Amino acid sequence: MLHTRPTIGELAEKLDMTQQGASKAVAELERLGYAERLPDPHDARIRRVTLTSRGQEAVTAARHARAAQEEHLRQRFGTTALDAARTLLAELLDDLGGTAAVQRREVRPPR
C-alpha cells in the first residue's frame with residue numbers, strides 16, 4: 001500500500017489470504033485510522049486501499065526504529081561482524097532459493 005493503491009482482491013492475493021480476510025484486516029486498519037478505501041479514479045465501482053497520514057507516519061516510525069536497531073547492532077557487534085552476518089544470511093537465503101521472493105516482497109510468514 002506504500003507505492004500502489006491495491007484493491008482488496010489484489011491485497012488478498014499479495015498476502016496469500018482470502019478476500020474476506022483481507023477485507024477484515026483493512027476494516028481494522030480503517031477503524032484504527034491507518035488506512036482508507038477510496039474510489040478508483042477511473043472506475044468509481046472499484047475501491048482502492050491507501051494509507052492515511054497516520055498510516056504513513058507509522059511506516060516512517062517503523063523505518064526509524066529499524067535504523068535505530070541497526071545502529072544498536074553496529075555499536076554492539078561492530079560494522080565488520082554485522083556486515084559479515086548480513087552477507088552470510090544473504091548467501092544462505094540464496095542457497096535456499098529464497099532471494100527472488102524477498103526481492104519481490106513475497107515472503108510469507110511460516111505456517
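Leaving aside its neighbours within four places in sequence, which residues is Val59 in contact with? Before I get to that, a word on what we have up here. This is a predicted model, where local features need pLDDT of at least 70, side-chain atom pairs count only at pLDDT 80 or more, and totals for chains, interfaces and linings use all residues. Residues are numbered from 1 along each chain as its sequence is written, and side-chain values use heavy atoms, with hydrogens and water left out.

Okay, Val59. With those neighbours within four places set aside, Val59 touches Leu2 and Leu51, contact being heavy atoms within 4.5 Å. Val59 sits in helix H3; helices here are DSSP runs of H or I, at least four residues, numbered from the N terminus. Tyr34 is 25 residues from Val59 along the chain, and their C-alpha atoms are 9.9 Å apart.

Staying with H3, residues 53-77: this helix packs against H4, residues 79-95, at about 115 degrees, with the axes 7 Å apart. Those axes are lines fitted to C-alpha atoms over the stretch in contact, and angles run from 0 to 180 degrees between N-to-C directions.

Over on H4 we find Leu92. So is Leu92 buried, exposed or partly exposed? Leu92 counts as partly exposed, because its relative accessibility is 43%. Buried would be under 20% relative accessible area and exposed over 50%, with partly exposed in between (1.4 Å probe, protein chains only).

Last stop, Thr7, in the segment before helix H1 (8-15). Thr7 counts as buried because it comes out at 16%. Beyond its neighbours within four places in sequence, Thr7 contacts Ile46, Arg47 and Arg48.

Note on methods: Helices (H or I, at least four residues) and strands (E, at least two) are DSSP runs, numbered from the N terminus.
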